[in-house]
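Subject: Handing over a structure

Hello,

Here is the structure I promised to pass on to you. Please have a look at it first, and then read my notes below.

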Amino acid sequence: MAIELKGISKSFGQVQALKGVSAVFEENKIYGLLGRNGAGKSTLLNILTNRVFPDEGTVLVDRENGMENDGAQAKIFLMSETTLHPESMRVKGAFRWAKAFYPSFDESYGEKLLGDFGLNPGAKISGLSTGYRSIFKLVLALCVNVPYVLLDEPVLGLDANHRELFYKRLLEKYAENPFTVVLSTHLIEEVANLVEDVVIIKEGEILRQESRESLLAGGYTVSGGAAAVDAYIQGKKVIGMDALGGLRTAYVLGAPEKGREAAKDLEFGPMDLQKLFIQLTNS
Amino acid sequence: MRKVDFSGEKPIFLQIAESLEDAVISGALPEGGQLPSITELSVQYTINPATALKGINLLVDQGAAYKKRGVGMFVAEGARALLQKKRQGDFSQRFVEAMVSEARRLEIGRQELLDMVALEFDSAEKGRVENGD
Amino acid sequence: MKLLSSYRYQVHDQRMAILVFYGVMVGMVLLSLLFLPFANAADADLTITSSGITAVTMVFSFILSLCAFKDSFLLNIQHGISRRSQFLARMGAMATVCGAMAVADEIYTLLISLLSLPFPNSFFAHSLYEICYCTDVTSVVSSDFTYTVSTSGASAVLSIVFSFFVLLAVNAFGYLITAFNYRLGKVGKIILWAGWPCLLIAGSALLEVNPWLEKTLLSLLLNLCQMCLSSLPRLCFTCLALTAVFSGLTWLVMRRAAVK
């Protein structure tokens with residue numbers, strides 16, 4: 001059971017947003033879909049959910065064609081940056097329709113979440129601030145109870161308290177009853193420990209798709225005096241470097257060689273997802 | 001429970017395991033008592049439940065915890081002694097090594113270091129007695 | 001299941017506007033009832049006639065259908081409804097809405113006719129069907145346009161049939177326009193909406209300088225109307241054919257519509 005993308009290409013005019021992308025989102029896993037602005041994250045999610053047609057390629061949802069297929073799409077919910085609800089609709093009206101379209105929608109949990117976030121069910125969608133718009137859509141996404149929940153920039157405009165509350169509610173729900181979550185976000189540090197697998201997309205192509213653990217195990221950091229670090233990294237694949245006064249931290253691919261003479265007085269640490277992401281996607 | 005430092009050197013599941021071990025050793029989690037659930041751990045630390053499970057499994061592998069089907073994870077009888085023994089084995093490598101290397105860097109002499117340790121040890125002992133511990 | 005939800009949404013989407021529309025229409029009648037005593041006292045000749053409310057309903061429902069595509073399309077897509085299901089649900093919703101309005105129009109006409117019993121001089125009403133197909137126009141006398149309209153139980157039912165098919169065609173046309181407009185880019189929209197008035201002006205100018213062409217076109221148009229609209233069955237068939245054509249085109253436009 002999975003969502004599979006096979007050879008998806010999509011252009012908007014002169015801009016090629018996706019170039020033959022293939023990826024798999026397996027059941028009951030939390031994914032981080034990471035990419036810089038304009039890398040093609042949203043286009044990918046829009047194609048998955050039948051909002052936009054690809055120029056080439058197929059989408060399979062549980063081995064079934066996902067395009068123009070009500071049965072397949074009933075298993076997916078995408079919370080997108082753009083709000084697709086009519087502006088004049090009220091929050092509770094949107095809930096009522098969500099229940100009509102998704103029978104598994106949990107209205108009482110929705111009411112509880114609205115209370116937690118302090119969103120008035122009688123509020124009109126047109127009157128919501130960016131943050132509360134995000135909250136409105138997040139609550140919907142947390143209540144639909146479908147196997148695949150896709151979240152495009154879920155915490156846009158949320159303050160730190162609401163962000164934390166959202167992550168906790170998401171994990172609570174996920175831990176009790178797992179489903180597939182795809183988190184597409186710029187705030188990598190916040191989701192770094194949440195995600196199990198990482199999909200990194202760069203300029204319309206998938207750069208990496210693997211578990212966070214194996215991705216991070218592929219490298220390490222080494223820090224210490226500038227001269228010592230420079231000596232150590234000779235001949236190694238260094239993807240980046242931070243310097244602070246005479247101190248230096250190098251981001252190195254491969255396994256650390258702590259036993260070497262040059263490694264004396266150096267500190268070794270694990271690779272940091274955000275750092276790795278920045279280094280991988282810098283062009 | 002101890003704060004988990006995500007930017008630290010150790011993988012998170014190890015930190016989770018260590019914080020649970022600390023709680024068992026200190027008695028905060030008594031033998032036979034229930035461990036926090038995967039959900040509780042993952043929500044508290046905002047980490048993936050798989051990571052929390054991995055941390056708990058480290059305790060299970062050592063024989064310090066066991067699973068009751070449908071109920072949850074529990075601290076095994078004798079877990080405290082077991083973990084203490086393990087930590088004692090690690091002690092030199094985890095703490096003394098670092099202390100000595102720092103002392104050498106600061107040019108603190110051998111005797112001076114030993115004296116400091118003795119002084120600290122005595123005052124901790126005294127504090128324990130005063131607290132009626 | 002999904003199809004039914006989409007149908008329910010699309011009917012619901014138009015319900016409020018329709019209720020308001022008929023609320024205003026009935027409200028106007030009630031208001032005139034209120035003014036009736038004053039008018040009579042002043043010996044003023046106040047008559048309230050309703051000659052084919054369906055003509056008004058046609059305009060209203062055309063505007064309504066112009067607003068029926070974008071919001072509904074986006075909400076349906078958000079809830080995972082395919083374009084095909086949306087289209088099918090729209091066909092059902094359109095038939096439901098037109099049916100309801102056709103019945104409501106007749107009820108309104110009957111309501112005013114009913115008022116003509118106590119106030120024979122102030123109220124009288126005929127449905128658009130009765131005006132179009134039950135009017136005896138032989139009694140047109142010079143400038144005084146007098147006509148007699150025959151009303152019967154059968155004509156009430158036929159009025160509903162008439163209104164239903166006419167509204168269906170109008171709705172299908174409005175929906176096609178708005179769906180097509182959604183698909184167009186910015187430049188396309190400008191060309192379309194600035195283009196057809198220009199074409200109209202150019203066309204009328206062409207006819208002005210070509211009286212022969214004007215005559216031929218006019219007679220052609222008259223013949224066409226005669227052929228398509230001269231009887232109720234013919235009109236129903238014409239409206240149905242138009243609905244089919246408009247809806248077919250709508251599907252072609254809609255099947256590749258993307259979220260923008």
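In what order do the four strands of the open sheet with β12, β13, β11 and β14 of chain A lie? The order is β12-β13-β11-β14, and the pairing is antiparallel. Before I go on, a word on conventions: this is a predicted model, in which local features need pLDDT of at least 70 and side-chain atom pairs count only at pLDDT 80 or more, while totals for chains, interfaces and linings use all residues. Residues are numbered from 1 along each chain as its sequence is written, chains are lettered from A and ligands numbered from 1 in the order in which they are written, and side-chain values use heavy atoms, with hydrogens and water left out.

Four bridges hold β11(A) (residues 219-225) to β14(A) in the antiparallel sense, and Thr221(A) has Gly269(A) as its bridge partner in β14(A). Helices (H or I, at least four residues) and strands (E, at least two) are DSSP runs, numbered from the N terminus, and two strands pair if DSSP finds at least two bridges between them.

A further open sheet of chain A has four strands in the order β2-β1-β4-β5, with antiparallel pairing. Its edges are β2 (15-26) and β5 (64-65) of chain A, each with a single partner strand, so one side of each is left without a neighbour in the sheet. Two bridges link β4(A) (residues 56-61) to β5(A), where Leu60(A) is partnered by Asn65(A).

All six of the six residues in β3(A) (residues 30-35) are buried, meaning under 20% relative accessible area, with exposed over 50% and partly exposed in between (1.4 Å probe, protein chains only). Ile30(A), Gly32(A) and Leu34(A) cover one side, and Tyr31(A), Leu33(A) and Gly35(A) are on the other. β3(A) runs parallel to β8(A) (residues 180-184), joined by four bridges, with Leu183(A) as the partner of Gly32(A). Five bridges pair β3(A) with β9(A) (residues 197-202), also in the parallel sense, and there Leu34(A) meets Ile200(A).

How do the helices α4 and α6 of chain A cross? The axes of α4(A) (residues 107-117) and α6(A) (residues 160-176) come within 11 Å and cross at roughly 155°, which makes the two helices roughly antiparallel (an angle over 145 degrees; under 35 is roughly parallel, 65 to 115 roughly perpendicular and the rest oblique). Axes are lines fitted to C-alpha atoms, for helices over the stretch in contact, and angles run from 0 to 180 degrees between N-to-C directions.

No contact joins chain B and chain C, whose closest C-alpha atoms lie 28 Å apart. Chain C has nine helices and four strands, and buried residues make up 40% of its 260 residues.

Best wishes

Key
Contact means heavy atoms within 4.5 Å.
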